Amino acid sequence: VKDQSEVNNPSPQVKKDALIKKEWITAFELQYALDKKQFTLFYQPKLSLTTGKIVGVEALIRWKHPKRGLISPGEFIPITEESGLIIPIGEWTLREACRQNKAWQEEGHPPMLMSVNLSVRQLHQPGFVPIVQQILNETELDPSYLELEITESMLMDHEKSIPVLRDLKNLGVQISLDDFGTGYSSLHYLKNIPIDRLKIDQSFVRNCSIDTNDATIVKTIIAMAHQLNLEVIAEGVEIKEHLLFLQRHVCDEAQGYLFSKPLPPEELICILKDVEQV
Ligand code: C2E
Ligand code: CA
Ligand code: CA
Ligand code: CA
């Protein structure tokens, strides 16, 4: 957790790092990258802890830079959010993820859930729900196979967010609350927002098998989710001990390097035989 004074008053090193990053990735370059189709999606499997089978994948964007190689989203998503480019890039991501999921189904793989990360600017963009509807129509993906991942910070403006989430639910898509426990958590909203799943943030999972506080937090989130009739998934599952802990506390699903890192589509299909038949 960052000291508030550090956030408001960044150290010279932090300022310098931010400057360097801003200097070499500009909104102009990102627009060019979008036009030149340099973005690509990797897919990380999510496993059921009861069956051990793949129940879905999370789409994670990468930038295939012709000179700098693969660039991770942490390096450029903040710049797309600031510049507004997250709107067209997010729309591309959603369309590509839906298209890919439908293509896997048509190739005969058992259907599974495709999760796509949303930014607050997308959720609050006028006409976002019709765009999602249009993408579903275009790609002919059954809405029940699409999940949108939102974060707690998107609920800060809950009067704006909740109606959009309700409209999305009415399309038949699923909604998951990502990075749960790290943001603006109000249990009051948790009771009122139309979500299907909580995703326990990896910062709690990382030490759940060795730190009693993190263990308590993870156990409590699982129990609370179940009491609220929500499914619960743990992210950042890296070692066997995490898995054993989560199984002992009946977490529903897990995602992490222990099972697989995010993979390009051609590598992911090699493990799709493990998809759970429903
Ligand atoms: P996130 O949504 O919390 O995604 C999980 C991140 O954890 C991913 O990083 C994933 O590669 C990484 N991860 C998965 N398993 C493990 C593990 O076992 N250990 C550890 N230490 N990390 C693991 P990635 O792909 O670099 O994405 C970072 C963040 O960028 C994402 O965090 C998400 O907030 C954002 N992001 C990625 N793709 C998109 C996108 O298409 N749209 C938007 N708006 N944001 C995106
Ligand atoms: Ca996510
Ligand atoms: Ca997350
Ligand atoms: Ca995260």
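Predicted model: local features only at pLDDT ≥ 70, side-chain atom pairs only at ≥ 80, totals over all residues.

Residues are numbered from 1 along each chain as its sequence is written, chains are lettered from A and ligands numbered from 1 in the order in which they are written, and side-chain values use heavy atoms, with hydrogens and water left out.

Start with the chain. Its secondary structure comes to 13 helices and nine strands. Helices (H or I, at least four residues) and strands (E, at least two) are DSSP runs, numbered from the N terminus. Of the 278 residues, 47% are buried. Buried means under 20% relative accessible area, exposed over 50%, and partly exposed in between, with a 1.4 Å probe and protein chains only.

Now take helix H3, residues 27–35. Its buried residues are Leu30, Ala33 and Leu34. Seen down the axis of H3, they fall within an arc of 100 degrees, so they line one face of the helix. The arc is that of the directions from the helix axis to the C-beta atoms. Their cover includes strands E1 (39–48) and E2 (54–65), along with helices H4 (73–83) and H5 (86–106).

Just after H3, Lys37 takes a positive phi of about 55 degrees. Gln38 sits in the loop between H3 and E1. Is Gln38 buried or exposed? It counts as buried, at 13% relative accessibility. The side chain of Gln38 makes a polar contact with the side chain of Trp63, at 2.9 Å. A polar contact is a pair of N or O atoms within 3.5 Å; within protein, one must be able to donate a hydrogen and the other to accept it, and residues adjacent in sequence count only if both atoms are side-chain atoms. Leaving out residues up to four places away in sequence, Gln38 touches Tyr32, Ala33, Arg62, Trp63, Lys64 and Pro66.

Arg62 leads on to ligand 1. A polar side-chain atom of Arg62 lies 2.8 Å from an oxygen atom of ligand 1.

Which residues donate to the calcium ion (ligand 3)? Its protein donors are Asp178 (OD), Asp179 (OD), Glu235 (OE) and Glu235 (OE), at 2.2 to 2.4 Å. Donors are N, O and S atoms within 2.8 Å of the metal (3.2 Å for Na, K and Ca); water is not among the atoms, so sites may look incomplete. Asp178 lies in strand E6 and Glu235 in strand E8 (residues 231–235), so the pair ties together parts that are 57 residues apart in sequence. Both Asp178 and Glu235 are buried.

Two aspartates link neighbouring ions. Asp178 coordinates both ligand 3 and the calcium ion (ligand 2), which are 4.0 Å apart. Asp179 bridges ligand 3 and the calcium ion (ligand 4), which lie 3.6 Å apart. Asp179 is found in strand E6 (residues 174–180).

Technical notes: Contact = heavy atoms within 4.5 Å.
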